[in-house]
Amino acid sequence: MGKTLADKIWETHVVRTAAGEPDLLYIDLHLVHEVTSPQAFDGLRLAGRRVRRPDLTLATEDHNTPTENILAPIADPVSKLQVDTLRANAAEFGVPIHSLGTADQGVVHIIGPELGLTQPGMTIVCGDSHTATHGAFGAIAFGIGTSEVEHVLATQTLAQARGKRMAVNVRGDLAPGVTPKDLILALIAQVGTGGGQGYIAEYRGEAIEKMSMEGRMTICNMSIEWGAKAGLIAPDETTYAYLQGRPNAPEGDEWDAALAYWKTLYSDADASFDAEVDLDASALTPFVTWGTNPGQGLPLSANVPVPNEIADAVDRAAAEKAIEYMGLTPGMALRDIKVDTVFLGSCTNGRIEDLRAAASVLKGRKVADGVRMLVVPGSARVRVRAMSEGLDKVFTEAGADWREAGCSMCLAMNPDKLAPGERSASTSNRNFEGRQGKGGRTHLVSPEVAAATAVRGTLSSPADL
Amino acid sequence: MDKFTTHTGIGVPLRPSNVDTDQIIPAVYLKRVTRSGFEDGLFAAWRTDPDFVLNQPAYASGSVLVAGPDFGTGSSREHAVWALQNYGFKVVVGSRFADIFRGNSGKAGLLIAQVDQDVVEELWRYLEDAPGSTIAVDLTDRTVTAGANSYPFTIDDYTAHRLLNGLDDIGITLSHADAISAYEATRPSFKPTTLPVRVAS
Ligand code: SF4
C-alpha cells in the first residue's frame with residue numbers, strides 16, 4: 001500500500017517512537033516572533049538551557065509592530081517591550097533576527113518562503129496558527145503554543161501525535177476573476193470551521209496544479225480556519241522554479257540532490273486517505289464572508305442569510321448572533337453592504353501578486369469618499385518590489401495609505417484597528433468578533449474584491465466597476 | 001528543572017480556604033514578557049495588609065506554604081505557579097488542590113504535598129506557636145516533618161518520578177539527546193540553515 005505525501009514527510013522526521021507515546025518529531029525550521037516567544041526564552045534561561053539549533057531558528061518582528069514611522073521608538077509600551085525582549089533574546093541565544101527597518105523583516109509566514117528557507121519535505125513550526133502557509137511547498141507546517149516553542153528551542157523536536165490523512169480534491173480550474181482566496185473561502189463554507197479537525201489535509205487537483213506558489217500559500221494559510229492541523233500541496237515545477245535562486249535555496253550539487261529528493265514527494269497512486277473532500281473550482285465565483293467565522297461565507301452575488309430559513313438549530317442561532325453583531329439585515333444583498341475600511345495585507349494576501357492584483361483594479365480609479373484603504377505589504381521585500389513596479393504610486397494616487405510591512409490590521413495589536421461598529425473588507429483570514437479592533441466588523445475577501453470594494457464603497461468585484 | 005529530593009525551609013501558615021489563582025496573582029500582573037519576576041504580584045491584594053502572614057518578618061523568607069483546602073482554584077494561569085516559585089516557595093502542603101493548579105505545578109517543578117486536613121491543622125499550630133520554624137519535606141519517602149513529628153503525604157507516581165529526576169517535558173526529551181544527535185547526523189546537507197544569514201545578491 002502506498003504512502004501519502006504527509007506520511008512520507010512525517011516518517012523521515014521521526015527521531016524516536018515508543019509504544020503509548022507520541023512520535024518525537026525533528027523540526028527543520030522554527031520561526032519565532034515577539035508575541036509568543038518571551039516566556040519560552042525565559043524558560044530556557046531559568047533552566048540554564050541553550051537554543052539547540054540557532055541555525056534552524058529564525059526570528060522576525062511582525063505581530064505587534066507599527067506600520068508607520070517604524071524607525072522611531074515604538075510608542076505603545078507593551079509592543080516596545082515585546083520587540084525589545086525579542087531582540088535581547090535573539091542576541092543572547094544567537095538566533096538570527098530580521099528587525100524592523102531591515103531588508104528581510106516581515107510577516108513570519110511571508111519571509112520564510114521569500115528567503116527560500118521554506119522547502120519541500122521539511123517540518124516547520126511557529127508559535128502562530130497560520131504556519132500551515134508553508135505547506136504550499138510540500139512541507140508539514142503547523143502552529144504551536146509557548147511551552148512547545150520552548151521545547152523546540154531546547155530540543156529541536158516536538159512530541160506529536162500523527163494527524164489523520166485527508167485529501168481535498170479540487171476539480172476543474174478557476175474561472176478568470178476567481179482567485180485562490182475565493183476557493184479557500186468556499187471550501188471552508190462547505191466543510192465548516194471544524195471540518196478538518198485532527199487531519200493533515202493535502203490539496204490537489206487541476207486548479208491547485210495550475211496555481212502560482214503565492215496562490216497555493218493563500219490556500220494552505222487558511223487550513224487552520226477549517227480546523228486542519230496542517231495543509232499541504234505536493235511540490236512540482238512551479239515550486240522548484242519559485243525556489244531556485246532564492247537566498248537560502250540550495251545551489252549546484254546541493255540543488256540537484258535536493259531536487260531529486262523533492263521529486264519523491266507526492267502521494268502514491270495507491271495511497272489511501274482517511275477522508276476526502278471534493279470541490280468544483282470551475283463553478284466558483286467571488287466569495288465573501290457575511291458572519292463572524294470564516295465558514296460563514298457566500299458568493300458575492302448572494303444575499304445575507306435569513307435565519308428563519310435555516311433548518312439546523314445550531315446554525316440558525318449562530319447566524320442570528322452573527323447577523324446582529326455584524327449589523328446586517330437578513331436577506332439584504334451582500335453587494336449592498338457598505339464598508340468604512342479596506343485592508344489589503346496579511347500572511348494570507350500580503351504578497352506581491354496580491355498587491356499587483358489589487359493595483360490593477362485600482363489603477364486610474366479612486367477610493368470612494370468616506371472609505372479608508374490600508375495597503376500593508378507582507379514583508380519589507382514585498383514593499384520594495386512593489387515600489388520598484390510603481391504599485392505604491394497606484395495605491396497612493398487612488399487615495400489609499402501605503403504602509404510598512406507587518407501583521408497590522410490582521411490582528412490589530414498595533415495602532416491599525418477598526419473603531420467599534422466600523423466595518424471592513426479585509427484580505428486577512430479571521431472575521432471573529434473584535435479581531436480587527438473591539439466592536440469591529442470584518443468581511444473576508446480577495447485582493448481583487450478588496451480593491452473593487454474600495455472604489456465602490458460597497459462589497460464589489462472588479463466586474464461591478 | 002532541578003531535581004527535587006528533600007527541602008527544608010521556613011513554613012508559612014496560610015489559613016484561608018479556596019485561595020484562587022486571582023488571589024495568588026491578579027490579572028494585571030500577566031502582561032509581562034517573562035516567566036520570572038512575578039513575585040511582586042504574589043498575593044498582591046493581601047500584601048498591602050500589614051497583618052498578612054508574609055508581611056511578618058519571621059515568615060517573610062518562607063519556602064514551604066501550608067495552605068488551606070482547595071488551593072489554586074479559578075483560572076488556569078500558570079503565572080500563579082511562577083509567582084509562588086519566583087517568591088521562593090518550593091513546596092505547597094495542603095489537603096485539597098485544584099486540578100489545573102496541581103498539573104501546572106508538576107510541569108513547573110513546584111511540589112504539591114497532599115496531607116489530611118488534620119495534619120494541616122497541626123502544622124498551622126506548630127508554625128504559629130513558633131514563627132520561623134522550618135519544615136522538612138522528603139519526596140523520596142514522601143514525608144513532611146515538623147519538629148519531632150513526621151506525616152506521610154501523597155503525590156502521583158509519575159509526577160514524583162519526574163520531580164525526583166528533575167524531568168520536565170523538555171528534560172524527558174533531552175534524556176533522548178543521543179537519539180536526536182543520531183538523527184541530526186543523518187540529515188541531508190541540502191537542508192537549509194538560517195545561519196550564516198544570507199541576503200539576495
Ligand atoms: S498576518 Fe495575521 S495571521 Fe498572519 S501571522 Fe500575522 S497576525 Fe498571524
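Guide: By class, 9 nonpolar, 2 polar and 7 charged residues form the lining of the second largest pocket. Please bear in mind that this is a predicted model.

Visitor: How is such a pocket found, and what volume does the second largest pocket have?

Guide: Rolling a probe the size of a water molecule over the atoms shows where empty space is left. Here the second largest pocket has a volume of about 380 Å³.

Visitor: Which residues lie nearest its centre?

Guide: Of the 18 lining residues, those nearest the centre are Glu114(A), Tyr242(A), Arg246(A), Arg381(A) and Arg385(A). Helices H4 (108-115), H8 (213-221), H13 (352-362) and H14 (380-388) of chain A each give two or more residues to this lining.

Visitor: What is the volume of the largest pocket, and which residues are closest to its centre?

Guide: The largest pocket has a volume of about 1300 Å³. Its lining comprises 45 residues, with Met1(B), Lys107(B), Ala108(B), Asp168(B) and Asp169(B) closest to the centre. By class, that lining has 16 nonpolar, 14 polar and 15 charged residues.

Visitor: How many residues does each chain bring to the contact?

Guide: Contact is counted between heavy atoms within 4.5 Å. By that rule, chain A brings 52 residues and chain B brings 32 residues. The area buried between the two chains is about 3600 Å², with 57% from carbon and sulfur atoms.

Visitor: How many salt bridges are there between chain A and chain B?

Guide: There are 5 salt bridges between these chains. Asp28(A) and Arg187(B) form a salt bridge through their side chains, at 2.7 Å from N to O.

Note on methods: Residues are numbered from 1 along each chain as its sequence is written. Chains are lettered from A and ligands numbered from 1 in the order in which they are written. This is a predicted model: local features need pLDDT of at least 70, side-chain atom pairs count only at pLDDT 80 or more; totals for chains, interfaces and linings use all residues. Side-chain values use heavy atoms; hydrogens and water are left out. Buried area is the accessible area (1.4 Å probe) that two parts lose on being put together, summed over both. A salt bridge is a side-chain nitrogen of Lys or Arg within 4 Å of a carboxyl oxygen of Asp or Glu. On a 1 Å grid over the protein atoms alone, a cavity is a set of points where a 1.4 Å probe fits but cannot get out, and a pocket is an open set with protein on both sides within 12 Å along at least five of seven lines; lining residues have an atom within 4 Å of a point. Grid points are joined across faces, edges and corners, and a volume is the space filled by probe spheres set on the points. Ala, Val, Leu, Ile, Met, Phe, Trp, Tyr, Cys and Pro count as nonpolar, Asp, Glu, Lys and Arg as charged, and the others, Gly among them, as polar. Helices (H or I, at least four residues) and strands (E, at least two) are DSSP runs, numbered from the N terminus.
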